[in-house]
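Colleague: I would like to learn how to read a fold and its aromatic pairs. Could you take me through an example, please?

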Amino acid sequence: MLVTGATGRVGRVVIDQLLEAGVPVRALTRRSEAAATLPAKVEVFTGDLTVPESLDPALKGAGAVFLVWTAPPQTAEAVVERLAVHVRRVVFLSSPHQTPHPLFQQPNPMAVLHADIERLIAATGLESTIIRPGMFASNSLAWWAPAIRADEVVRWPYGAAETAPVDDRDIAAVAARTLHQDGYVGGDYVLTGPEPLTQAAQVDVIGDALGRRIAFEEITPDKFRSLWKGTVPSSAVDMLLAAWSAAVGHPAYITTAVADILGTTPRTFRQWAADHATAFTEGS
């Protein structure tokens, strides 16, 4: 099994899951020094999605690929063509852009890219499984940890927007299961956590994990753009603002896909926050 995005927040855990299942694992990384961060049993290959031919050594002899697209779209077609030559199965980490819920229906470049890659995969005849995580629980580290570490107020727009954050570990477990076990070819799974929480409530949950109250202040979208200017691409900021705005007043979209596939209850955001409490105080 070849794992792309092998040092990322999902791919790295997919590797651990596959090793625990006794599955031989290859990892694709862009930098050779990344090998030192991976388990010794992993066969590490250096390659780059922007240079499709660089993937050939890792693909030769592989049976399946966990595909995480972390590059510009220009080489997607060539990469998928190479997958089809070498392997029989691909599990693609996509997004819920087909889901009929306002949070996921706002136009954005990432959704377009994911849809294009899905079409490319389908056209090859590869055995495929598509997994579509909703909001990642770990997004809260990028969003709120800096203010929390500095003991400052969390200033955020659309505090009433409700989501069902999904634990990265559950995403990885689903990816690993569908990658190495039969019965999931053709599957298309939207992955969410088990409970709805507004953004303001998520900050409260993190405060509970830390044993202190974290102040939350609602700010306008324009103020949010100003605060994040130069830190996050403006297209990403616009995408998030549109999604949160559309979600206000709607119950969070929740699926049972994680439990259906793994046979265990998905982790709650409260559990995720407790397990990652030190990352909000000391950094990861």
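Modeller: Gladly! Please keep in mind that this is a predicted model. The protein has 11 helices and 11 strands. Its radius of gyration is 19 Å, close to the 19 Å that the globule rule gives for 284 residues, so the protein is as compact as a globular protein of that length.

Colleague: What box do the C-alpha atoms fill? And what share of the residues is buried?

Modeller: Along the principal axes, the C-alpha atoms fill a box of roughly 55 × 40 × 35 Å. Buried residues make up 48% of the 284 residues. Looking at contacts with a separation of 6 or more, 74% of them come from residues 24 or more positions apart.

Colleague: Let's turn to the sheet. In which order do the 7 strands come?

Modeller: The order is S3-S2-S1-S4-S5-S6-S9, in an open sheet with parallel pairing. Strand S3 (43–46) and strand S9 (188–191) are the edge strands, each pairing on one side only. For a look at one pairing, take strand S1 (residues 2–3) and strand S4 (residues 64–67), which run parallel and are joined by 2 bridges. There, valine 3 stands opposite phenylalanine 66 in S4.

Colleague: Which strands does helix H4 lie across?

Modeller: Helix H4 (residues 109–124) lies across S4, strand S5 (89–93) and strand S6 (127–133), and runs at about 170° to S5.

Colleague: Now the rings. How is a pair of aromatic rings described?

Modeller: By two values: the distance of the centres and the angle of the planes. A search of the whole structure finds 13 aromatic pairs. One of them joins phenylalanine 269 and tryptophan 272, with 5.6 Å centre to centre and 15° between the planes, and that pair is stacked.

Colleague: Where do phenylalanine 269 and tryptophan 272 lie?

Modeller: Both belong to helix H11 (residues 269–275), where they are 3 residues apart, about one turn of the helix. Tryptophan 272 also pairs with phenylalanine 280, this time edge-to-face, at 6.0 Å centre to centre and 85° between the planes.

Colleague: Are these residues buried or exposed?

Modeller: Phenylalanine 269 counts as buried because its relative accessible area is 1%, and tryptophan 272 likewise has a relative accessible area of 1%. Phenylalanine 280 is buried too.

Colleague: Which residues form an aromatic cluster?

Modeller: Trp143, Trp144, Trp156, Phe224, Trp228 and Trp244 form one.

Notes:
Residues numbered from 1 in each chain as written. Predicted model: local features only at pLDDT ≥ 70, side-chain atom pairs only at ≥ 80, totals over all residues. Heavy atoms only, no water. Phe/Tyr/Trp six-rings, centres within 6.5 Å; stacked < 30°, edge-to-face > 60°. Helix = DSSP H or I, 4+ residues; strand = E, 2+ residues; numbered from the N terminus. Buried < 20%, exposed > 50% of the residue type's maximum accessible area, 1.4 Å probe, protein only. Pairing = 2+ DSSP bridges. Contact = heavy atoms within 4.5 Å. Axes fitted to C-alpha atoms, helices over the stretch in contact; angles between N-to-C directions. Rg over C-alpha atoms; globule rule 2.2 N^0.38 Å.
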